[in-house]
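This briefing is meant for a reader who is meeting the structure for the first time. Please keep the sequence and the 3D view at hand while going through the points.

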Amino acid sequence: MRGATGIGSLPGTDIDEAARVVVGELPELPHVPELPARGVGADLVGRTAGLLVDLAIEVITSGYRVTPRPGRDHRRAVDLLRGDLDAFDEALERAGAQPSVVKVQAAGPWTLMSNIELMRGHRVLTDRGAVKEFSESLAEGLRLHAAEVAKRTRAKVVVQLDEPGLPAVLRGLLPTPSKLGTVPAVPEPDARAVLATVIEALGEHEVVVHCCAPQPPLTLLREAGATAIAFDATLVKGAETLDEIGETWEAGTTLALGLVPSIDPGAPVSLKDVGERAFTLVDRLGFPRSILAEKALPTPTCGLAGATSGWVKRALSLTRDLSSAFQEPPEGW
């Protein structure tokens, strides 16, 4: 996996423009854009729920809930994603682009199951049978989705699993639907096993797991079989996290380092401003700087849904230039 890429989300509701920007700014590893501002079915959970095989969801006051049969909300998610793939195809064609690798994104199993309720009102992740059913359904849906994108683009497809909710799942921080208590913590071995089931089902597809929490569970994600782990590198602190980063690189796992601000910081940002953190990290851990070219790729710190259209282009341009700097560090860095 080489080049620069985005996390997934962009601002606005114009999918044709979003696809054009991604294809233009990230030619080596473009991704199918997500536009959560379009509402139900375009957000991370609703969009992923539309990929589930033989399971359907509907919108309720508190979020999403399992429903016996597909209805309007489920169909909207399916239709939006189909339109997004059409727009991505068209953007590639108009640009005359034929990337060898493209990326798709979806919620990982734990973030998905944290945000969908069963018919009786409990979160999916609290029911062992439902956990098995949902993880298998998600794995099959992702496999079919990746196969369709590969057929459309004639490119190798990387699948990104977004797990922003995983740390809360592991620490028992999720509130119950009544808000009167918290859902019991999921033991690490159980969390790792479910994630591994989904990753293994994707077979030959490389899998990136993204977690933008301050202390992402790097070891768990690596041991679950992630090809690469994406995280916000600007939040890294503490010896324990640094040790995990070093162990992850030593194990041969690629790190997607979130370095470029996901919203306009309101002050000029240079390539060196965003890049120095990566080189300082490598130096501090005692790795040769060449590891950035071999086992790292730059990304924005998180999704760009909250950015202005101007900052999106600037952020993706910085990310792309940072990829070049990883290959050949500028003099004086």
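This is a predicted model: local features need pLDDT of at least 70, side-chain atom pairs count only at pLDDT 80 or more; totals for chains, interfaces and linings use all residues.

G310 is a residue of helix α12, which covers residues 309-327, and with a relative accessibility of 47% G310 counts as partly exposed. Between G310 and D264 there are 46 residues of separation in sequence, while their C-alpha atoms are 8.9 Å apart in space.

**The six-stranded sheet**

- Six strands make up an open sheet in the order β3-β5-β6-β7-β8-β9, and their pairing is parallel.
- The edges of this sheet are taken by β3 (101-107) and β9 (296-300), each of which has a single partner strand, so one side of each is left without a neighbour in the sheet.
- From one strand to the next, the twist of the sheet averages 25 degrees.
- Strands of a sheet pair through backbone hydrogen bonds, and they do so either in parallel or in antiparallel fashion.
- Strand β3 runs parallel to β5 and is joined to it by seven bridges, and V102 has V157 as its bridge partner in β5.
- Further along the order, strand β6 (residues 207-210) pairs with strand β7 (residues 228-232) in the parallel sense over three bridges, with I229 in β7 as the bridge partner of V209.

**The setting of strand β3**

- Although β3 stands at an edge of the sheet, seven of its seven residues are buried, so β3 is largely enclosed by the rest of the structure.
- In a regular strand, the side chains alternate between the two faces of the sheet.
- In β3, V101, K103, Q105 and A107 point one way, whereas V102, V104 and A106 point the other way, and all of these residues are buried.

- Strand β1 (residues 56-60) and strand β2 (residues 63-67) are paired in the antiparallel sense over five bridges, and together they form a hairpin with two residues between them.
- Within this pair, G63 in β2 is the bridge partner of I60.
- Strand β2 also runs parallel to strand β4 (residues 116-117), to which two bridges join it, and here R65 stands opposite E117 in β4.

**Helices α9 and α10**

- Two packed helices are described by the angle between their axes and by the distance between those axes.
- The axes of helix α9 (residues 239-250) and helix α10 (residues 271-285) come within 11 Å and cross at roughly 85 degrees, which makes α9 roughly perpendicular to α10.
- Where these helices meet, L242, I245, G246 and W249 belong to α9, and L281, V282, R284 and L285 belong to α10.
- Sorted by class, the residues in the contact of α9 with α10 are six nonpolar, one polar and one charged.

**Nonpolar cores and a buried serine**

- The largest nonpolar core contains 98 residues, and the residues with the most contacts inside it are W110, I116, W249 and L257.
- Leaving out residues up to four places away in sequence, W110 touches L125, V131, E163, L166, V169, V186, D190, A191, V194 and L195.
- Another core lies apart from the largest one and has eight residues, among them V158, V208, A228 and A256.
- S137 is part of helix α5, and its relative accessibility of 5% means that S137 counts as buried, the cut-off for a buried residue being under 20%.
- Once its neighbours within four places in sequence are set aside, S137 is in contact with L52, V53 and L55.

**Two residues with positive phi**

- Most residues other than glycine have a negative phi.
- D54, which is not a glycine, has a positive phi of about 60 degrees; D54 lies in the loop between α2 (44-49) and β1, where it is exposed, with a relative accessible area of 76%.
- R154 likewise has a positive phi, near 55 degrees, in a residue other than glycine; R154 is found in the loop between α5 (128-153) and β5 (156-162), and with a relative accessible area of 62% R154 is exposed.

Methods: Residues are numbered from 1 along each chain as its sequence is written. Side-chain values use heavy atoms; hydrogens and water are left out. Axes are lines fitted to C-alpha atoms, for helices over the stretch in contact, and angles run from 0 to 180 degrees between N-to-C directions. Helices (H or I, at least four residues) and strands (E, at least two) are DSSP runs, numbered from the N terminus. Angles under 35 degrees count as roughly parallel, over 145 as roughly antiparallel, 65 to 115 as roughly perpendicular and the rest as oblique. Contact means heavy atoms within 4.5 Å. Ala, Val, Leu, Ile, Met, Phe, Trp, Tyr, Cys and Pro count as nonpolar, Asp, Glu, Lys and Arg as charged, and the others, Gly among them, as polar. Two strands pair if DSSP finds at least two bridges between them. A nonpolar core is a set of buried Ala, Val, Leu, Ile, Met, Phe, Trp, Tyr and Cys residues joined through side-chain atoms within 4.5 Å. Buried means under 20% relative accessible area, exposed over 50%, partly exposed in between (1.4 Å probe, protein chains only).
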